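I opened this notebook to look up a few things in the structure and to write down what I found, one topic at a time.

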Amino acid sequence: MGFEYGKRTKVWCCRDMMGGFNHYVVVKFKDGVAVEELTEGLVKMISGIEHVKSFQWGKDIGGPDFLRQGFTHAFLMTFNGKEEFDAFQSHPNHVEFSKLFSPAVENILVLDFPPTIVKA
């Protein structure tokens, strides 16, 4: 691991030099969407793709509306590296599931990044 001291934050941080990579998705679903069925399908899809190291998701439990901006669900996938993420993106199961997921989304925010670990 490489260590660096944040001048502005005054905190020691370390970047995962083993190439970890995160795919973070925040979603506002369209009204009337069967979200539970969609998340069950997502879990099933991910469990069949070996490139995904870990997966977690959750539903907002009541943050202030002005902060949430209508977003209700968050999904986080981790990968061993960007190459694994790229393989996931083109995996046939992901491509097929995206055809179901995308039309159900009213608004989405996606961030793909190598993590910087502050405290483990």
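This is a predicted model: local features need pLDDT of at least 70, side-chain atom pairs count only at pLDDT 80 or more; totals for chains, interfaces and linings use all residues.

I looked up Lys 28 and found its side chain meeting that of Glu 106 in a salt bridge, at 3.1 Å from N to O. Lys 28 belongs to strand S3 (residues 21-29) and Glu 106 to strand S6, so this pair ties together parts that lie 78 residues apart in sequence. I then checked how open the two partners are: Lys 28 has a relative accessible area of 26%, and therefore counts as partly exposed, while Glu 106, at 45%, is likewise partly exposed.

I noted that the count of salt bridges comes to 5. One of them joins the side chains of Lys 82 and Asp 86, at 2.8 Å from N to O. Both residues lie in helix H3 (residues 82-90), 4 residues apart, which is about one turn of the helix. I wrote beside this that an α-helix has 3.6 residues a turn, so residues three or four places apart point the same way. Lys 82 is partly exposed at 40% relative accessibility, and Asp 86 is partly exposed with a relative accessible area of 35%.

I also looked up Arg 68, whose side chain meets that of Asp 60 in a salt bridge of 3.4 Å, N to O. Asp 60 and Arg 68 are linked with Asp 65 in a network of salt bridges. Arg 68 is partly exposed at 25% relative accessibility, and Asp 60 is partly exposed at 32%.

I went through helix H1 (residues 35-47), which has 13 residues and reaches 18 Å from its first C-alpha to its last, close to the 18 Å expected at 1.5 Å a residue. Which residues of H1 are buried? I listed Val 35, Leu 38, Thr 39, Leu 42, Met 45 and Ile 46. These residues cover an arc of only 120° around the axis, which puts them on the same side of H1. The face turned away from that buried side carries the exposed residues Glu 36, Glu 37, Lys 44 and Ser 47. As for what covers the buried residues of H1, I found that the cover includes S3, strand S4 (54-59), strand S5 (73-79), H3 and H4.

I looked up His 94 in helix H4 (residues 92-101). Is His 94 buried or exposed? Its relative accessible area is 13%, so His 94 is buried, the cut-off being under 20%. Leaving aside neighbours within four places in sequence, I found His 94 in contact with Met 45, Ile 49, Phe 88 and Gln 89; Met 45 is one of the buried residues of H1 listed above.

On the surface I noted a nonpolar patch formed by Tyr 24, Leu 109, Leu 111 and Phe 113, with about 310 Å² of accessible area together. The largest share of this patch, 3 residues, comes from strand S6 (residues 105-113). Leu 109 has its place in S6, and at 40% relative accessibility Leu 109 counts as partly exposed.

Key. Residues are numbered from 1 along each chain as its sequence is written. Side-chain values use heavy atoms; hydrogens and water are left out. Helices (H or I, at least four residues) and strands (E, at least two) are DSSP runs, numbered from the N terminus. Buried means under 20% relative accessible area, exposed over 50%, partly exposed in between (1.4 Å probe, protein chains only). Contact means heavy atoms within 4.5 Å. Patches are made of residues with over 30% relative accessible area and no salt bridge: like charges are joined within 9 Å, nonpolar side chains (Val, Leu, Ile, Met, Phe, Trp, Tyr) within 5 Å. Accessible areas come from the Shrake-Rupley method with a 1.4 Å probe; for residues, only the protein chains shown count as cover. A salt bridge is a side-chain nitrogen of Lys or Arg within 4 Å of a carboxyl oxygen of Asp or Glu. The expected span of a helix is 1.5 Å times one less than its number of residues. The arc is that of the directions from the helix axis to the C-beta atoms.
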